[in-house]
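This report describes selected side-chain contacts, the nonpolar core and one surface patch. Please consult the sequence and the structure shown below while reading.

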Amino acid sequence: MDYDKTKHLELVSNAIDRIAQNSFTIKEFTVTFFTWSVLSQIIDLQKIDLKREILLLWIFLMLVFWFIDTWYLRIEKGFRELFNKIRLSSSDLKYIMKHENTDSFCSILFSIPNSVLYIVLIGIQWFLYFYLK
């Protein structure tokens, strides 16, 4: 089987697309979950004494979504670097799909595009908790 650079780039591009879709799905779940939690806090939880425990559960789940999204973004970035390596390479890379991440998990976790959404949503949760108290 001969090496086809275009086919190899297509394989890596398809992997990037799937990972990006997964990251977007996590963000959709996060916003849907946040909307549900805010509405339930405003409507139902005024009658319940477990506000603190439920708030902590919501914040824990938001942090879980944040970490999963960061994990997907880190893998996506590694595949983008692999794509560029293949694109710029003049040698035969034989369909390698192993990527190397140059950025740490924490640098992606606290990057502006990734952290703003989650910090704002967690901040709104805290505000509503103290406002409705």
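This is a predicted model: local features need pLDDT of at least 70, side-chain atom pairs count only at pLDDT 80 or more; totals for chains, interfaces and linings use all residues.

## Salt bridges involving helix H1

The whole structure contains 4 salt bridges according to the search. One of them joins Lys-27 to Asp-69, with 2.6 Å between the closest N and O atoms. Lys-27 is located in helix H1 and Asp-69 in helix H2 (residues 51-88), so this pair ties together parts that lie 42 residues apart in sequence. Asp-69 is buried, at 0% relative accessibility, while Lys-27 is partly exposed, with a relative accessible area of 23%.

A further salt bridge is formed by Glu-10 and Lys-7, whose closest N and O atoms are 3.7 Å apart. Both residues lie in helix H1 (residues 5-43), at a spacing of 3 residues, about one turn of the helix. Glu-10 is partly exposed, with a relative accessible area of 40%. Lys-7 is partly exposed as well, its relative accessible area being 38%.

## Aromatic pairs

The count of aromatic pairs comes to 7. In the pair made by Phe-33 and Phe-65, the ring centres are 6.0 Å apart and the planes stand at 75 degrees, so the arrangement is edge-to-face; the cut-off for this class is over 60 degrees. Phe-33 lies in helix H1 and Phe-65 in helix H2, so the pair ties together parts that are 32 residues apart in sequence. Both Phe-33 and Phe-65 are buried.

These two residues also belong to a cluster: ring pairs link Phe-33, Trp-36, Trp-58 and Phe-65.

## The largest nonpolar core

How many residues make up the largest nonpolar core, and which of them have the most contacts inside it? This core has 28 residues, and those with the most contacts inside it are Val-12, Met-62, Phe-79 and Ile-86. Helices H1, H2 and H4 are the elements that give two or more residues to this core. Helix H2 gives the most, with 11 residues.

The surroundings of Val-12 can be described in more detail. When its neighbours within four places in sequence are left aside, Val-12 is in contact with Phe-79, Leu-82, Phe-83, Ile-86 and Met-97. Among these partners, Phe-79 and Ile-86 are themselves listed with Val-12 as residues with the most contacts inside the core.

Which residues make the nonpolar surface patch of about 340 Å²? The patch is made by Ile-112, Val-116, Val-120 and Ile-124.

One of these residues, Val-120, is found in helix H4 (residues 112-131). Its relative accessibility is 45%, so Val-120 counts as partly exposed.

Definitions and conventions: Residues are numbered from 1 along each chain as its sequence is written. Side-chain values use heavy atoms; hydrogens and water are left out. A salt bridge is a side-chain nitrogen of Lys or Arg within 4 Å of a carboxyl oxygen of Asp or Glu. Helices (H or I, at least four residues) and strands (E, at least two) are DSSP runs, numbered from the N terminus. Buried means under 20% relative accessible area, exposed over 50%, partly exposed in between (1.4 Å probe, protein chains only). Rings of Phe, Tyr and Trp (its six-membered ring) pair if their centres lie within 6.5 Å; planes under 30 degrees apart count as stacked, over 60 as edge-to-face and the rest as tilted. Patches are made of residues with over 30% relative accessible area and no salt bridge: like charges are joined within 9 Å, nonpolar side chains (Val, Leu, Ile, Met, Phe, Trp, Tyr) within 5 Å. Accessible areas come from the Shrake-Rupley method with a 1.4 Å probe; for residues, only the protein chains shown count as cover. A nonpolar core is a set of buried Ala, Val, Leu, Ile, Met, Phe, Trp, Tyr and Cys residues joined through side-chain atoms within 4.5 Å. Contact means heavy atoms within 4.5 Å.
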